[in-house]
Amino acid sequence: MGTSVQITPLSGAYGEGPLCYLLAVDGFRFLLDCGWTDLCDPSHLQPLARVATTIDAVLLSHPDVMHLGALPYAVKHLGLSAPVYATEPVFRLGILTLYDYSLSRWQVSDFDLFTLDDIDAAFQNVVRLKYSQNHLLNDKGEGIVIAPHVAGHDLGGTVWKITKDGEDVVYAVDFNHRKERHLNGTALGSFVRPAVLITDAYNALNNHVYKRQQDQDFIDALVKVLTSGGSVLLPVDTAGRVLEILLILEQYWTQRHLVYPIYFLTNVSTSTVDYVKSFLEWMNDSISKSFEHTRDNAFLLKYVTLIINKDELERLGDAPKVVLASMASLEVGFSHDIFVEMANEAKNLVLFTEKGQFGTLARMLQVDPPPKAVKVTMSKRIPLVGDELKAYEEEQERIKKDEALKASLSKKEEMKASLGSNLKASDPMVTDASTSRKPSNAGSYLVGNVDILIDGFVPPSTSVAPMFPFFENTSEWDDFGEVINPDDYMMKPDEMDNISMLGAGDGMESKLDEGSARLLLDSKPSKVISNEMTVQVKCSLAYMDFEGRSDGRSVKSVIAHVAPLKLVLIHGSAEATEHLKMHCSKNSDLHVYAPQIEETIDVTSDLCAYKVQLSEKLMSNVLSKKLGEHEIAWVDAEVGKADEKLTLLPPSSTPASHKSVLVGDLKLADFKQFLANKGLQVGFHMQIW
């Protein structure tokens, strides 16, 4: 049989929930994404909790909450300890996304599912790979090669190719075949006949309008509201699709000479854009070439102001403006508060650029027709004052005293245990009976015989000499000081790699904006106050698809082109999943699977693969021809056994001659030059039929 492959959805099957899947390749267990929703309900992670300790490697595909939101929680609480693999942008922007989410939650609740330190710990050992870089796994994963490829959709978005014994398993979710302002289209179309393709049915029922027309409609909707004196709220993610929207706004504000202010508001907005400026090699070709020729960075934003709190917005008052604020779900974050402020004014517009997650305020507002009123909870963190502050300080003092008392008692118990063990371990004191009682002439004050302890006394190992400790310095010295060994101060190769991968200023302070860091590091006692209120939704609501995913028509076309031997459909509504499953089954000879959550399906290839070694006698008779950087040759052999291993041996009879075979991509211009070098006169002749 071929390579053993099993897939088990842990979330995101027959539904639009977060993406998280267990893939086993010959017993090596991959976790494909580790997503969560903005609701952060730990009960949704029960399937992951049951297998977290058995995971051997984690592959992350996109830097948003739906793909990696549960990673810090899984590492802290579920025992996930496997190495994590991602591209550099997914690593960097994923950290910022989780920082923004954690800070947004902390400002309105006593959020304790994970902290910023937990986020750092979860991402500390991430292995970062470049596109098309083959990474060979070791130990249990020996023989397995993983490689990230361009997915589109988000900066650093990844289609993962997992190869074992010549068979490919491709994990491609949320890909986009279209080239965008800052991203290339997916490389999925370059794969041919993988053994297994795992992809999503999210957009199977949707078809896009022309992109240019969509962009025009988007800008026209904004301008219409702004010119009538209203403001626009765009609930966005932290560091994903918002980057494309920023470039769209920059382009049209430049072309139309618009002067309305645009604000990008998250807890990490400045850090996000600073990192993105350095990721030009991960963007599309036009941005890279533009920077090479003119040194213009596409993310040197001229019309967008980056802010990390609402102070500047409050100074503007009701003046027309565009605000891009996180989170896209409207559950927490700046977007939640700004929506409450804008909803009462009919002149304002809340424009959604992606579908809201199930159960969130954003999804509730996207139904048709939208609700006329919604209940929301307004919360904020305030410092403790007066009696509350005094009670808090007294409680903290009591806790400190209790801890100090416990530490003291614990130390005493340890000392007692240590002394007891030493006494038991030491040899008993022995006195010599024959010499124990002798006359003493030591002095007139000593009367009679004195018992003297002569031998057999072993001092305890923990005894301390009645003097200050003295350590002899055995170092060598010369005229310039102490002689050192330079090797003691040289970094090891793995330490060098870690530092180069982390980059300068990789601490928490460098990833957080100054204001957010100050807010977090403020140690003043505080509490959260909340009140429920009903908001009358008088503002306009609109939805335009800027999610950056291939539509249903394109997904079907890509699957047909890739032509996998087996297809696994995940992440999509039940209707979309069944539609795509039926389409692929009807129009091809594919084996199509659509597993439910925690249903394990076996997609092991029907092909048989064998490893053989080439005998030295066979290789000595092989005539190789150079082809570019490689050499190729015909091999005729018989299969036999040598040292209990399958081996290709020279044939016992003379093999038949081979016909000429054209290898590679022949260009007529090169062929003409080759013939000319051989002294032949060559000319091209075109004949039209």
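Reader: OK, which residues is H571 in contact with, leaving aside its neighbours within four places in sequence?
Author: Quite a list: G12, A13, G15, E16, G17, L19, Y21, M66, D174, D200, A201 and Y202. Keep in mind that this is a predicted model.

Reader: Where does H571 lie?
Author: H571 is in the loop between β22 (566-570) and α18 (574-587).

Reader: And is H571 buried or exposed?
Author: Buried, because its relative accessible area is 1%.

Reader: Which other residue has a positive phi although it is not a glycine?
Author: E598 does, at about 65 degrees. E598 sits in the loop between β23 (591-593) and β24 (601-602). With 41% relative accessibility, E598 counts as partly exposed.

Reader: Switching topic: how many cavities of 30 Å³ or more does a search of the whole structure find?
Author: The search turns up 5. Rolling a probe the size of a water molecule over the atoms shows where empty space is left.

Reader: What volume does the largest cavity have, then?
Author: About 440 Å³. Its lining has 28 residues, and D64, M66, E354, K355 and Q357 are the ones nearest the centre. M66 was also among the contacts of H571.

Reader: Which helices each supply at least two residues of that lining?
Author: α2 (65-68) and α12 (361-365).

Reader: How does the lining of the largest cavity split by class?
Author: There are 11 charged, 9 nonpolar and 8 polar residues.

Reader: And what lines the second largest cavity?
Author: D174 again, along with F175, D200, A201, Y202, N203, A204, R549, S550 and V555. This cavity has a volume of about 60 Å³. By class, its lining has 5 nonpolar, 2 polar and 3 charged residues. D174, D200, A201 and Y202 came up as contacts of H571 too.

Reader: Let's do charges. How many salt bridges does the structure hold?
Author: It holds 22. Side chains of opposite charge can pair when their charged atoms come close. One of these pairs is E16 with K355, at 3.4 Å from N to O.

Reader: Where are the two ends, E16 and K355, in the chain?
Author: They come from distant parts, 339 residues apart. E16 is in the loop between β1 (5-11) and β2 (20-25), while K355 is in the loop between β16 (349-352) and α12. E16 counts as buried because its relative accessibility is 14%, and K355 counts as partly exposed at 24%.

Reader: Which side chain does D56 meet in a salt bridge?
Author: That of K140, at 3.1 Å from N to O. D56 is in the loop between α1 (46-49) and β4 (57-59) and K140 in the loop between β7 (135-136) and β8 (144-150), so this pair ties together parts 84 residues apart in sequence. D56 counts as buried at 19% relative accessibility, whereas K140 counts as exposed at 52%.

Reader: Which residues are linked in a network of salt bridges?
Author: R181, K211, D215 and E244.

Reader: Now the greasy bits! How many residues does the largest nonpolar core have?
Author: It has 85, and F123, F218 and L324 have the most contacts inside it. A second, separate core has 29 residues, including L19, L32, A57 and V603. In soluble globular proteins, nonpolar side chains tend to be buried together.

Reader: What is F218 in contact with, leaving aside its neighbours within four places in sequence?
Author: L234, I245, I248, L249, L351, T353, M544 and F546.

Reader: Last one: where is there a cis peptide bond, with omega of about 0 degrees?
Author: Between D368 and P369. P369 is in the loop between α12 and β17 (373-383). A cis peptide bond also joins S326 and M327, with omega of about 10 degrees.

Notes
Residues numbered from 1 in each chain as written. Predicted model: local features only at pLDDT ≥ 70, side-chain atom pairs only at ≥ 80, totals over all residues. Heavy atoms only, no water. 1 Å grid on protein atoms, 1.4 Å probe; cavity = no way out; pocket = protein on both sides within 12 Å on 5 of 7 lines; lining within 4 Å. Points joined across faces, edges and corners; volume = space filled by probe spheres on them. Helix = DSSP H or I, 4+ residues; strand = E, 2+ residues; numbered from the N terminus. Nonpolar A, V, L, I, M, F, W, Y, C, P; charged D, E, K, R; others polar. Core = buried A, V, L, I, M, F, W, Y, C linked by side-chain atoms within 4.5 Å. Buried < 20%, exposed > 50% of the residue type's maximum accessible area, 1.4 Å probe, protein only. Contact = heavy atoms within 4.5 Å. Salt bridge = Lys/Arg side-chain N within 4 Å of Asp/Glu carboxyl O.
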